[in-house]
Amino acid sequence: MNTVIRNGRIIDPANQRDEIGDLFIVGGKIADGSQLSTFNSQPDEIDASNLIVAPGLIDLHVHLREPGFGWKETIETGARAAAAGGFTTIVCMPNTLPAADTPGTIAWIRDRAAEVACVNVLPSGAISKGLMGEELAPIGSLKQAGVVAITDDGRCIQNNELMRRAVEYARMVGVPVLDHCQDYNLVGNGVVHEGYWSTLLGLPGWPSIGEEAIVMRNILLADCCDHAVHCQHISAAGSVRLLREARGRGVKISGEVCPHHIALTDDAIQNFDTNCKMNPPLRAKEDVTALLEGIADGTIEILCSDHAPHAQFEKEVEFDAAPFGIVGLETQLGLFLDLLVDKHKTIELPRLIEMFTVNPARLLQIEAGTLSVGRAADITFIDPDLEWTVDAQNFQSMSRNTPFDGWNLKGRAVRTIVGGKTVYPV
Ligand SMILES: [Zn+2]
């Protein structure tokens with residue numbers, strides 16, 4: 001099927017394109033207009049007036065929970081949530097059961113995704129066997145099996161020598177290393193940001209230095225091994241300062257920010273709402289300010305959700321015992337548009353699209369995130385002015401653990417196309 005998308009504002013940061021125009025799809029790929037005439041049938045037309053037409057968005061930090069935790073989310077439902085949120089490519093984390101630490105499990109995930117997922121699902125592989133932080137996983141075979149990155153996300157390798165070897169192997173086989181930055185000795189059993197609210201509520205504190213110490217370790221390793229290390233879900237002001245300094249002298253270090261870390265601060269936990277319990281935790285106002293500055297000056301160049309579904313019965317327990325994390329695929333674009341572009345005016349729309357397309361694609365070295373002729377027709381239509389209310393009961397995700405239910409947001413994805421086919425709305 002051939003399609004013409006008419007009169008949209010086409011924003012394609014990879015090609016420095018920002019103009020009102022038409023976009024053509026022939027045979028599931030982006031085409032130039034002349035290719036349409038080689039077909040006899042009349043193409044479908046989509047009116048994109050007053051909409052942004054962007055390359056399909058990429059979220060490089062998603063928990064799809066399969067294999068092993070199918071009551072929280074499946075590859076099928078997670079992919080539908082991605083499509084509803086405007087995402088055409090997602091990278092799933094390896095903390096499944098079994099952990100994604102062998103080529104067999106990676107093959108299973110890819111086969112399952114090919115069968116049931118309506119968006120592109122790219123697996124990441126574990127750094128260490130069983131995410132135990134003791135022995136390296138077979139990084140070369142994982143790469144051959146198709147992983148786009150390695151990470152122990154959810155856990156963090158404490159042994160710096162082991163992590164150094166991981167970064168060296170990753171460099172040899174050509175995959176980036178993503179890291180969940182948490183020093184176990186400094187953090188202990190912390191569940192909320194160590195500060196005013198942890199003291200007042202008597203909850204164990206998760207200090208900023210527990211993240212900063214590992215960000216510093218990763219900077220040293222990226223520098224020493226001359227290879228890309230990417231710090232996941234950065235939450236603390238000190239981490240932004242460390243990244244800024246290291247990137248300024250050319251170290252291959254990067255960081256990502258999730259919407260909850262700029263939308264909320266640790267005062268949100270005062271009612272012991274377990275949907276405000278995440279790892280790393282919601283932090284103080286100064287941290288939010290520093291994250292916004294880091295996004296504004298390019299220190300932070302990637303945004304993501306850390307979509308972490310949990311069933312209601314798992315979150316309906318006392319704060320200490322509840323699992324960390326919230327769902328994010330269906331709220332993140334709206335939150336970032338609302339907060340970064342509309343409210344705080346931290347960045348403009350093309351920059352936000354860049355942070356969800358060409359920047360993650362470059363880190364992962366994947367062929368996605370542009371509207372160049374010949375690429376797969378993965379396209380996200382965004383209405384930046386649409387005002388809407390988050391309704392968790394309507395999520396495509398199997399889980400509803402969000403602190404944003406009922407929030408009024410401005411801007412969202414209104415149509416998602418993968419390989420030339422509309423996957424949202426369906
Ligand atoms: Zn994590």
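The model is predicted, local features needing pLDDT of at least 70 and side-chain atom pairs counting only at pLDDT 80 or more, whereas totals for chains, interfaces and linings use all residues. Residues are numbered from 1 along each chain as its sequence is written, and side-chain values use heavy atoms, with hydrogens and water left out.

Arg-217 belongs to helix 8, residues 209–225 (helices are DSSP runs of H or I of at least four residues and strands are runs of E of at least two, numbered from the N terminus). With a relative accessible area of 7%, Arg-217 is buried (buried is under 20%, exposed over 50% and partly exposed in between, for a 1.4 Å probe and protein chains only). A further polar contact, of 2.8 Å, links the side chain of Arg-217 to that of Asn-218. When neighbours within four places in sequence are left aside, the residues in contact with Arg-217 include Cys-156, Met-163 and Asp-179, contact meaning heavy atoms within 4.5 Å.

The zinc ion is coordinated by Asp-153 (OD), His-180 (ND1) and His-233 (NE2) at 2.0 to 2.3 Å, where donors are N, O and S atoms within 2.8 Å of the metal (3.2 Å for Na, K and Ca) and, water not being among the atoms, sites may look incomplete. His-180 lies in the loop between strand 9 (177–179) and helix 6 (184–187), and His-233 in the loop between strand 12 (229–231) and helix 9 (237–248), so the pair ties together parts that are 53 residues apart in sequence. Both histidines are buried, His-180 at a relative accessible area of 2% and His-233 at 1%.

Two peptide bonds are described as cis: that between Asn-279 and Pro-280 has omega of about -5°, and that from Tyr-424 to Pro-425 has omega near -5°. Pro-280 is placed in the loop between helix 10 (260–263) and helix 11 (285–296), whereas Pro-425 is found in the segment after strand 17 (421–424).

Positive phi values occur in Asn-7, near 65°, and in Gln-365, about 55°.

Definitions and conventions: A polar contact is a pair of N or O atoms within 3.5 Å; within protein, one must be able to donate a hydrogen and the other to accept it, and residues adjacent in sequence count only if both atoms are side-chain atoms.
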